[in-house]
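The sequence and the structure are shown first, and the description follows.

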Amino acid sequence: MKKKTDFLPYALISPLIIFIVLLALTPAAFTTIAAFFKVQPLNPPTHFSGLENFRDILHNANVISSLGNTFIYIIIGVTLSTVLGIYFAVILQRRFVGRSILIAVLILPWALPGVVEGILWTGIWDANTGVLNSVLKSMHLITHYQVFLGQHKFLTILAIEVVQVWQITPLSTILILAVLQNIPDDLYEAATIDGSNGRKSFRYLTLPLIRPGIAIAVVQSIIATLNIFDQPYILNGAASTANSLAMETYAVSFQNLNFGQGYALSLLITLFTLFISVIVAKFIYKKVEY
Amino acid sequence: MQNAIKISKSQKSIAIVVAVASAFGFASLAAPAKAASPVTISVVLAAPPLPPAMLAEFTKATGINVKWTQVDWDSLQTKIAAGSTANTYYADATDVDWSRVGQLGKLNWFLPMEKYLDTKALATDMPQLSSFTKNGHVVGIPYDASFMVTTVNKALFAKAGITKMPTTIDEYTADLKAVKAKNVVQYPLNIPFAAAEGLSTYWYETTGAFGGHILDAAGKPLFTDPASAGYKAAAWMVNAVKTGLVPPGNINVADSQGQQTLMAKGKVASTFSDYSGNVGSLYDVAASSSVVHQVQYLATPGASGPTSNLGNPDGIGIPVKAKNPAAAAKFISWFTDGKNMADFAGANGTARTWVGYFFPSRLSGIAILNKKGSIIGGDVLAGMLKTSAAVFPQGAPAWYPEFSGAVYTNLHAAAAGTMTVDAAIKAIGAVATKLSSGK
Amino acid sequence: MKLHKKGFRRFGVGVILSWSLVPIYWVINTSFQTDAQISDTPAHLFPPTPGWANYKALLIGDGELPSMIRRATINIFIECISATIITVVLASLAAYAFARMEFKGRKFFLFVVVMTMAFPTYTTLIPMYRIMAMVHLVNTYLGIILCYVSGFLPLATWILFSYMQSLPLAIEEAGSVDGASRMQIFRLIVLPLTMPAIASTAVITFLFAWAQFIFPLVLASDQSTQPLTVIVAAIQGRHIVPYSLLSTAGVIALSVPAVIALLTNRFIVSGLINGSVK
C-alpha cells in the first residue's frame with residue numbers, strides 16, 4: 001500500500017521556500033557565522049573569535065540596562081496590545097452601521113510614518129510645551145507642567161510603550177478579527193438558546209475559538225516589542241532609563257562599527273524571540289475544531 | 001495515473017498564477033533608472049537640492065548631470081556605513097561630517113581628495129580643511145562653515161535690566177540668575193539634555209568657553225581633573241539644571257527642539273551653544289518664532305573674556321565605490337568654489353540661494369558676502385568664523401561616534417540626577433582612555 | 001439584554017474612535033498651524049489661523065519638494081501593491097499545502113518559514129544589501145519588492161495556514177465526491193471561504209510594506225525608487241525640524257492606506273458569517 005510521493009504540496013510551497021532560503025535564511029546564516037568572528041573594520045583583521053563577542057556584549061553596561069528595559073517593554077506591550085486587540089475585534093465582530101469606516105479609522109496609527117509618529121508623541125508628552133500637560137493644567141488636574149519622560153524609569157518606559165501599542169494594536173485587531181469572522185453564527189444562536197449571556201459566551205465560546213488568532217497576534221507583538229527602536233530613540237534618546245536591545249544592536253554595529261558584536265547580539269535576540277514565541281504559542285495555540 | 005494528471009494540471013494553474021503575479025511585478029518594476037548617455041553623478045546629502053539654476057550652470061559648463069538625493073542626516077550616516085560595509089556603490093559624492101573624519105579616514109571608505117583637487121592651494125583659503133585631514137589624506141572638503149554660537153534674547157535681558165552683554169562666563173551666569181530672580185522667565189537657559197549628539201556638542205562648546213580642549217593629540221582625555229575646562233563645563237551645565245536656570249523638562253529636550261520650542265518662543269532667554277545661522281533661519285522668521293528681531297549672536301563668553309567658537313562644518317567627499325570619481329571631483333570643486341558658495345548663502349538673489357545653507361567655508365566666499373552685506377548678523381558671524389576652532393584640531397578620532405555616545409549618555413544621567421558629575425566624567429574618561437589605547 | 005449589548009458596542013466604538021483618532025487629530029491640527037503656533041502654551045486645540053500653506057508647499061507646483069513627494073508616492077504605491085499581491089498569492093498556495101495536505105517535512109518547513117520572523121531587522125540588513133548588489137537589484141523596484149516579499153511571506157503564510165486549517169473537513173470531501181482535483185477544490189471552495197483571511201493578510205502586508213523605512217533607505221539610492229517614508233524623513237532639516245510640514249507629510253502618507261482600507265475592508269468582514277456554509 002505504499003503511496004507514490006505526492007509532488008503537489010512541494011510544488012505549492014516551493015516559491016515560498018525559495019524566497020525564504022535565498023532572502024531570509026542566507027542572510028541569517030551569514031550573521032550567525034559572523035557572530036563568532038571579530039568583525040571590526042576599525043580594528044582589522046577579521047578572525048574567528050569563538051564566544052568572545054557574546055562575552056563582551058554581556059559585559060556592556062548599556063546592553064545590560066537595555067535587556068531589563070526590553071523585558072518591561074515586552075510585558076507592557078504584549079499585554080496591552082493583546083487585550084485591546086481582542087476588545088476591538090469583538091466590538092467589530094457584528095455588522096453595524098459605520099463598521100467599515102471604523103475599521104479604516106482603526107488602521108490609521110499604523111499608516112503614520114515613524115518620523116511623524118515621533119514628532120506627534122513628543123508633542124504630546126513634552127514637559128515644556130506638551131499637549132498632555134496643557135490639557136491637564138487647563139482641567140486643574142496639575143498645578144505646573146510635569147516631566148513624563150526621562151526622569152522615572154517605569155513611567156518613561158510606559159509612556160514610550162503606549163506609543164508602540166498605539167501603533168501595533170491595529171495589527172492585533174485585524175489578526176483576531178479575521179479568525180473571529182470564521183466563527184459560525186449558529187454557534188452563538190445555540191449558546192443564546194442555552195441561556196448563556198454575553199460575558200459567558202465570550203468566555204466559553206469566543207475566547208477558545210479565537211485562540212489561533214490570539215497566538216499569532218501575541219507572537220507578532222513579542223517580535224515588535226523585542227525590536228522596539230524608533231519610539232525610545234526619538235522620545236528618550238540613548239539614555240539608559242529606556243534604551244532597548246534593538247537600539248544597542250544598532251549602536252554596537254553602526255556607531256561603534258563592531259559588527260561581530262552586533263551580530264552576536266542579534267543572534268541572542270533571535271533565540272530569545274523564538275524561545276518565548278514557541279512557549280507562548282504552545283500555551284495559547286490549540287487546534288480548533290467545530 | 002489519474003493522480004499524475006492531476007498534478008500536472010494543478011502545476012499548470014500554479015504556474016499561471018505565479019506568472020501573472022510576477023508579470024505584474026516585473027513589468028512595472030524592472031527598469032531601474034539608467035544613467036543617461038552623458039555622465040550623470042549621484043550626490044546624496046542631508047540637504048535639499050541646490051537651486052536648479054545653479055545646477056544647470058554646472059551641467060552646461062561640464063556636461064555632467066547631477067542627480068540629487070536628499071536623506072536626513074541620521075539615516076545618511078546609516079546609509080554610508082551600510083554601503084561601505086557591504087562594499088557597494090551608493091553615491092558618487094556624499095556627506096563627510098566633521099565628526100566622522102577620523103572614522104571615514106581610517107576605514108578608507110572615501111577616496112583621498114588630494115588626488116583629485118589641489119588641496120594644498122585650497123588650504124590657504126579654507127581654514128577648516130586641516131580638520132578634514134587624517135593620516136595625511138584629505139577625507140572631504142568642507143562646504144558649509146557652520147559653528148556653534150551663543151544666542152541671547154536681548155529683549156528678555158533688557159527686562160531684567162541687563163543692557164551690557166556679558167563677556168565672561170561668570171558674568172553670563174550672573175545675568176541668567178538675574179533674569180530668573182526678576183522672574184522675566186522662569187527658566188532662562190536652554191541646554192538640550194536629551195541623550196543625543198546635541199548634548200555632546202554643547203559640552204564641547206562649553207569646554208572651549210572654559211578655555212580647554214576635550215582630547216589631546218593622542219586622543220587621551222583632558223577633562224578628568226576637576227580643575228580642567230571639560231570638568232568645569234560639565235559641572236556648570238549640570239549645576240544649571242539643579243539651580244533652576246534650565247527648565248526641568250529639558251532633561252529630554254533635543255538641540256533643535258529646545259531652539260524651536262523654547263528659544264524661538266521666548267520661553268528661555270539664552271542658548272549657550274546654538275547653531276550659527278539660527279537667527280536668520282529660525283528666530284527672525286515669523287512663521288517659526290515669536291521673538292522676531294529680539295535674538296542676537298553673542299561672542300561666546302569665556303573664562304576671562306570672549307572666546308573662540310566651536311566649528312562643526314559639513315563636508316563632502318567621494319566614496320571609494322563611486323562610479324565616477326573624476327566627475328564627482330569636478331562637482332565638488334565647483335560646489336566649494338568661493339563665488340558659488342557666496343551665491344548659495346544669498347549674495348546674488350533668491351534664485352541662486354540654497355535653502356538651509358549657512359556660510360561659505362572659503363575666506364574668499366565670505367569676502368564676497370561681506371561686501372554685499374546680505375547675511376543677518378553677518379559682520380558678527382564673520383568675526384566669529386575667523387576665531388572658530390575645531391573641536392579636534394587634528395581631525396576627529398576614528399572612534400568618535402562611540403566616544404560621543406559615552407558623553408551624551410553620562411552627561412544626561414548626571415543631569416537626571418542618577419549619577420554625580422564626577423562619576424559621569426570618570427565614565428566618559430574611561431571610555432576615551434580605552435578607545436585611544438586601541439583596546 | 002439587547003440594550004445592554006447596544007451599550008457595550010457603543011462604548012467600544014467610542015473607545016476605538018478616541019484611541020485612534022485623538023492622536024491623529026493632533027497630527028491634522030498641527031498640519032494647519034505654523035511651527036511657532038505649535039509650540040505655544042497652552043496648546044491650540046484648534047488651528048488659530050487655519051490655511052492650506054503646508055499642503056500647498058508639499059503638493060502644489062513644480063518645486064523640488066512637491067515633485068519629490070509625488071514621485072515617492074508613486075514609488076511606495078508600486079512597491080507596496082506589488083509586494084502585497086506576490087506575497088498573498090505565494091502564501092495562499094503554500095498555506096493550502098500546509099493546512100490541507102499531508103507530506104513529508106510539512107511541520108519542518110512550516111516551522112522554518114515562520115521562524116524567520118524572529119530575525120531582527122539589523123541582522124539581515126547588510127547581508128540583504130550584499131545579495132541585492134550581487135544580482136544588481138540595488139535601486140530597483142524589483143529589489144525592494146523581493147526584499148519585502150521575503151520579509152512578509154512568513155506571517156502571511158501563518159495567517160492563511162491557521163485559517164485554512166480551521167475550515168471544516170467536509171468541504172474537501174464534498175469536492176472529492178464531485179471528482180474535482182485538489183487545485184479545483186482550492187480555487188472553487190477553499191479560496192472563496194478564505195476570503196476574509198486573504199483580505200486581512202493583504203491589508204496587513206500592505207501596511208507592513210507601507211511602514212518600511214530602513215530597508216528601502218539602503219536599497220534605494222535615489223528618487224527613482226525611494227518610497228514616501230524615506231522622503232518624509234528627509235524633510236527633517238539638519239538643524240531645524242519643520243514640525244508642521246512633517247505633520248502635513250504624515251497626513252498625506254496616511255490618507256492613501258486609509259482610502260484603500262475604506263474601499264477594501266468589506267472583504268475582511270465577510271465570509272462564513274454571511275452563511276456561505278451552514
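Where in chain C is C:H136 found? C:H136 is found in the loop between α6 and α7 of chain C.

The model is a predicted one, in which local features need pLDDT of at least 70, side-chain atom pairs count only at pLDDT 80 or more, and totals for chains, interfaces and linings use all residues. Residues are numbered from 1 along each chain as its sequence is written, while chains are lettered from A and ligands numbered from 1 in the order in which they are written.

## Chain C

Chain C holds 12 helices and 0 strands; helices (H or I, at least four residues) and strands (E, at least two) are DSSP runs, numbered from the N terminus. Its C-alpha trace spans about 70 × 65 × 30 Å along the principal axes. Of the 278 residues in chain C, 58% are buried. A residue is termed buried if 20 or more other C-beta atoms lie within 10 Å of its own, exposed if 12 or fewer, and partly exposed in between, with C-beta atoms placed from the backbone. Among the contacts in chain C with a separation of 6 or more, 77% are between residues 24 or more positions apart. Two residues are in contact if their C-beta atoms, placed from the backbone, lie within 7 Å.

C:M117 is found in the loop between α5 (106-115) and α6 of chain C. C:M117 counts as buried because 21 C-beta neighbours lie inside 10 Å. Apart from neighbours within four places in sequence, C:M117 is in contact with A:I223, C:P154 and C:L155. The C-alpha atoms of C:M117 and C:I214 are separated by 16 Å, and the two residues are 97 residues apart along the chain.

## The contact between chains C and B

How many residues of chain C are in contact with chain B? There are 39 such residues of chain C, and they are in contact with 50 residues of chain B. On the side of chain C that touches chain B, at least two residues each come from α2 (35-38), α4 (64-100), α6 (121-134), α7 (141-165), α9 (182-210), α10 (214-219) and α11 (228-234) of chain C. The element that gives the most to this side is α4(C), with 7 residues. By class, this side of chain C has 21 nonpolar, 12 polar and 6 charged residues. Here Ala, Val, Leu, Ile, Met, Phe, Trp, Tyr, Cys and Pro count as nonpolar, Asp, Glu, Lys and Arg as charged, and the others, Gly among them, as polar.

## Chain B

The mean pLDDT of chain B is 89, and 90% of its residues reach 70 or more; pLDDT is the predictor's confidence in each residue, from 0 to 100. Over residues 1-36 of chain B, pLDDT stays under 50.

Chain B is divided into domain 1 (40-146 + 312-390) and domain 2 (148-308 + 399-436), with bounds from an automatic or database domain assignment. The centres of the two domains of chain B, taken over C-alpha atoms, are separated by 28 Å. In chain B, 17 residues of domain 1 are in contact with 17 residues of domain 2. On the domain 1 side, α4 (101-107) and α15 (378-386) of chain B are the elements that give two or more residues. The largest share, 3 residues, comes from α15(B). By class, this side of domain 1 has 8 nonpolar, 8 polar and 1 charged residues.

Chain B also contains an open sheet of 5 strands in the order β2-β1-β3-β12-β6, with mixed pairing. Strands pair if DSSP finds at least two bridges between them. β2 (65-70) and β6 (141-144) of chain B stand at the edges with a single partner strand each, so one side of each is left without a neighbour in the sheet. Strand β1 (residues 40-45) of chain B pairs with β2(B) in the parallel sense over 6 bridges. B:V43 has B:W68 in β2(B) as its bridge partner.

## Backbone features

Most residues other than glycine have a negative phi, and most peptide bonds are trans. The table lists the exceptions described here.

| Site | Feature | Value |
|---|---|---|
| A:P44 and A:P45 | cis peptide bond | omega about 0° |
| C:T41 and C:P42 | cis peptide bond | omega about -10° |
| B:N135 | positive phi | phi near 55° |
| C:H136 | positive phi | phi near 60° |

A:P45 is found in the loop between β1 (37-38) and β2 (47-48) of chain A, and C:P42 lies in the loop between α2 and α3 (53-59) of chain C. B:N135 lies in the loop between β4 (133-134) and β5 (137-138) of chain B. B:N135 is exposed, with 12 other C-beta atoms within 10 Å. C:H136 counts as exposed, with 11 C-beta neighbours inside 10 Å.
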